[in-house]
Amino acid sequence: MLMCSTFCSSIPHHLNLASMMIMKRFSAPISSYVSPRAQAITEPPSRVGFLGIGIMGSPMAHNLLKAGIDLTVWNRTKSKCDPLISLGAKYKPSPEEVAASCDVTFAMLADPQSALDVACGKHGAVNGIGPGKGYVDVSTVDGDTSKLISERIKSTGALFLEAPVSGSKKPAEDGQLIFLTAGDKNLYDTVGSLLDIMGKSKFYLGNVGNGAAMKLVVNMIMGSMMASFSEGLLLSEKVGLDPDVLVQVVSQGAISAPMYSTKGPSMIQSLYPTAFPLKHQQKDLRLALGLAESVSQPTPIAAAANELYKVAKSHGLSDQDFSAVIEALKSKFQHSETK
Ligand SMILES: NC(=O)C1=CN([C@@H]2O[C@H](COP(=O)(O)OP(=O)(O)OC[C@H]3O[C@@H](n4cnc5c(N)ncnc54)[C@H](OP(=O)(O)O)[C@@H]3O)[C@@H](O)[C@H]2O)C=CC1
Ligand SMILES: O=CCCC(=O)O
């Protein structure tokens, strides 16, 4: 039996205030839990649920549907489910009902709070899930949040896998994501064929929290790279160079990255069609800085980049692509910051 005392003693000592508030919000019912023994899933899942039909969730769910999977979807804003429903997906009006009607349920939510709400809140998945079922959270969250969701899911006897993804909108559309998984190995093995439909590779990293950590480290690097690239583009222009040529030079050398060659040309035109929303990149930097703080690892570059994304957010760029961080370096914003 998973009693509150057992649960509470497993809370990592470095939880920040936000995590503590989240824990408080969801901790009350835990004392009444009777935890059934987690039951291995032996059959490949035939009924699959998908919660969170946003920029990423939509193409991921679409690929499952195209592969002939019996799919049930839910999204807070129901209208985003409509294109999938018209292609044959079923719809349930709550995460609880999706989890109750499916063998395995995937969740692709914005941030730690929404991932917790959908998994553990009123009519959350935890109320419909149970032995013989699985929950796979592919959202980008911090390890503490993921562990909390895992505890709650597993207390019902279901299995849990965290599986955040590397790769953006286009790789999601092309089934080319990279899954960074951790948690129940049995569930990893069972959903392997589903991950292969949505992705090109998958890593199993052990205990819950390791997938989240890997994802945050990768996105911390990416956020700093984009900030640095932005500085380079603007500097090249100011000293009279052609930034388009800079993109070509960069693309042929040691620092070549697909991100620079795909996003550089539109950044030069001050266009930021959203693939990865800037607000999510800033969230990931914030969470990565929390991770670094928990182990006293200095991350001054990421901390500086985070400040830049915060400036961009304060200028209304949250829902633009994260490459819009370059705007925060333009003189109009620099002046308004110092006024
Ligand atoms: N876009 C990208 O390139 C990548 C994103 N990610 C990560 O994937 C996750 C999703 O990103 P993305 O699809 O781009 O983001 P979107 O903002 O497009 O989608 C966010 C999803 O979360 C839902 N949501 C937000 N708040 C709540 C809430 N309080 N309760 C219930 N549902 C909520 C939204 O519902 P609604 O439609 O109602 O708003 C939507 O379905 C994030 O964690 C992000 O960091 C990972 C890799 C790449
Ligand atoms: O979390 C978003 C990652 C975007 C990418 O890997 O291109």
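Student: Before we dig in, what makes a residue buried here?
Tutor: A residue counts as buried if 20 or more other C-beta atoms lie within 10 Å of its own. Keep in mind that this is a predicted model.

Student: Okay, so is K215 buried or exposed?
Tutor: K215 is buried, because 29 other C-beta atoms lie within 10 Å.

Student: Which residues does K215 touch?
Tutor: Leaving out residues up to four places away in sequence, K215 touches T140, P164, S166 and L180.

Student: And which helix is K215 in?
Tutor: K215 sits in helix α11, which covers residues 210–238.

Student: What does UniProt place at K215?
Tutor: An unreviewed UniProt entry gives K215 the feature "active site".

Student: Let's zoom out. What domains does the protein chain have?
Tutor: The domain assignment gives domain 1 (11–206) and domain 2 (213–338).

Student: How many residues of each are in contact with the other domain?
Tutor: There are 14 residues of domain 1 in contact with 14 residues of domain 2. On the domain 1 side, the touching residues are four nonpolar, six polar and four charged.

Student: New topic: how many residues are in the largest nonpolar core?
Tutor: The largest nonpolar core has 90 residues, and A61, L64, A119 and V325 have the most contacts inside it. Helix α11 supplies the largest share of this core, nine residues.

Student: Where does this core lie, relative to the domains?
Tutor: The core lies between domain 1 (11–206) and domain 2 (213–338), because both give residues to it. As a general point, nonpolar side chains tend to be buried together in soluble globular proteins.

Student: You mentioned V325. What does V325 touch?
Tutor: Not counting residues up to four places away in sequence, V325 touches M226, A227, S230, L278, L308, Y309 and A312.

Student: Last one: which residues come nearest to ligand 1?
Tutor: Of the 26 residues around ligand 1, the nearest are G54, R76, T77, S168 and F276. The shell divides into 11 nonpolar, 10 polar and five charged residues.

Student: Which helix gives the most to that shell?
Tutor: Helix α6 (residues 112–120) gives the most to the shell around ligand 1, with three residues.

Student: And why does ligand 1 lie between the two domains?
Tutor: Domain 1 (11–206) and domain 2 (213–338) both give residues to the shell around ligand 1, so it lies between them.

Definitions and conventions:
Residues numbered from 1 in each chain as written. Chains lettered and ligands numbered in written order. Predicted model: local features only at pLDDT ≥ 70, side-chain atom pairs only at ≥ 80, totals over all residues. Domains from an automatic or database assignment. Contact = placed C-beta atoms within 7 Å. Nonpolar A, V, L, I, M, F, W, Y, C, P; charged D, E, K, R; others polar. UniProt positions renumbered as here; feature names shortened; annotations may be inferred. Helix = DSSP H or I, 4+ residues; strand = E, 2+ residues; numbered from the N terminus. Buried ≥ 20, exposed ≤ 12 C-beta atoms within 10 Å, placed from the backbone. Core = buried A, V, L, I, M, F, W, Y, C linked by C-beta atoms within 7 Å. Near = placed C-beta within 6 Å.
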